[in-house]
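The sequence and the model are shown first, and the description follows.

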Amino acid sequence: MADDYEVDDYVRVRVTLRSGTNAWAYLERKDTAQHLDVRQWLRSLEVFAGPLPDFDPAAAPADPVELFLEWLREAVAAGVPDPHAMTLSTIGEDGGPDARVLILKNVDTDGWQFAVHSGSPKGRQLGGRPRAALTFYWPLQGRQVRLRGTDEPASAEQSAADLLARAPSARAEVLLGRQSEHLTDAEERDRAFRAALARIEAEPDLISPEWTLHTLVPSEIEFWQADKGRLHNRLRYERRDRHSPWVRHMLWP
Ligand SMILES: Cc1cc2nc3c(=O)[nH]c(=O)nc-3n(C[C@H](O)[C@H](O)[C@H](O)COP(=O)(O)O)c2cc1C
């Protein structure tokens with residue numbers, strides 16, 4: 001049994017011990033969920049804990065793919081978890097923004113690749129309005145990369161090759177094909193998944209034509225390097241279209 005009230009930064013809690021005697025316990029306010037000041041708590045959390053690398057935009061390569069791969073390699077080497085995870089932002093069918101995390105599949109001179117089920121919300125959104133943004137964040141270095149551009153679906157052959165290289169369980173999930181629909185019965189899902197997995201195992205070359213590789217062909221790529229003194233270094237590569245040369249601009253923090 002306990003009741004409580006606040007004393008400055010502490011909450012005094014009356015507890016009844018097993019022996020039956022009453023006692024007072026003092027808990028730091030931040031330890032009690034019901035008294036947590038979320039704003040204060042968030043403000044107390046550190047950001048850009050560092051040590052942060054230097055970034056000299058003037059020395060950046062002319063090709064942003066080169067700089068992206070350098071930053072990605074450094075994130076991997078430093079042990080950033082899921083360094084190839086990125087936020088894909090799309091335009092919803094209602095005209096509003098939508099966003100979710102996906103795994104990066106490849107980067108080449110065409111652009112940044114990912115794969116989606118064409119029947120999923122993001123697949124439908126990309127089909128309807130082929131413009132998108134990608135955002136990477138590598139907290140150990142205080143680095144963010146932002147891309148905006150047009151979305152291009154790959155050929156059926158390329159998409160099939162990507163699908164066939166995936167683990168059977170991942171392919172079974174694609175075969176289910178009901179991503180983001182309301183789920184009313186978890187057992188139905190499990191049964192359907194087991195059946196899909198059995199089918200993949202029986203037919204190893206089975207293709208789900210809805211699985212589609214996409215390439216974000218960027219028109220803007222920003223490299224953002226945090227600075228502890230808040231003079232963050234920002235470099236944006238811009239181009240008119242995919243055949244135009246990249247032009248570099250530093251941005252105010
Ligand atoms: C780290 C991480 C990686 C993910 N990778 C993928 C992925 O590669 N493909 C995918 O369809 N969903 C992936 N998801 C789930 C998506 O974020 C999302 O929930 C799902 O694709 C449904 O999105 P939609 O309703 O906008 O279509 C991932 C989620 C996380 C947190």
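## Terms and model

Helices (H or I, at least four residues) and strands (E, at least two) are DSSP runs, numbered from the N terminus. The structure described here is a predicted model.

## The C-terminal region

An unreviewed UniProt entry places the feature "domain: Pyridoxine 5'-phosphate oxidase dimerisation C-terminal" at residues 211–253. In the model, the chain over residues 211–253 is 60% strand and 0% helix.

## Overall form of the chain

In total, the chain contains twelve strands and six helices. Its C-alpha trace spans about 75 × 55 × 40 Å along the principal axes. The radius of gyration of the chain is 25 Å, whereas a compact globule of 253 residues would have a value near 18 Å.

The domain assignment divides the chain into domain 1 (2–44) and domain 2 (57–251). Taken over C-alpha atoms, the centres of domain 1 and domain 2 are separated by 45 Å.

Buried residues make up 21% of the 253 residues of the chain. Among contacts in the chain with a separation of 6 or more, 56% are accounted for by residues 24 or more positions apart.

## Surroundings of the ligand

There are 13 residues around the ligand, and those that come nearest are Arg 100, Ser 120, Pro 121, Lys 122 and Ser 180. Two elements, β5 (97–103) and α3 (121–128), each give two or more residues to this shell. Strand β5 gives the most, with five residues.

By residue class, the shell around the ligand holds six nonpolar, four charged and three polar residues.

## Val 101 in strand β5

Strand β5 also includes Val 101. Is Val 101 buried or exposed? Val 101 counts as exposed because it has 10 C-beta neighbours inside 10 Å, and a residue is exposed if 12 or fewer other C-beta atoms lie within that distance.

Leaving aside residues up to four places away in sequence, Val 101 touches Ala 85, Met 86 and Thr 87. Val 101 and Arg 240 are 139 residues apart along the chain, and their C-alpha atoms are separated by 27 Å.

Key: Residues numbered from 1 in each chain as written. Predicted model: local features only at pLDDT ≥ 70, side-chain atom pairs only at ≥ 80, totals over all residues. Near = placed C-beta within 6 Å. Nonpolar A, V, L, I, M, F, W, Y, C, P; charged D, E, K, R; others polar. UniProt positions renumbered as here; feature names shortened; annotations may be inferred. Rg over C-alpha atoms; globule rule 2.2 N^0.38 Å. Buried ≥ 20, exposed ≤ 12 C-beta atoms within 10 Å, placed from the backbone. Contact = placed C-beta atoms within 7 Å. Domains from an automatic or database assignment.
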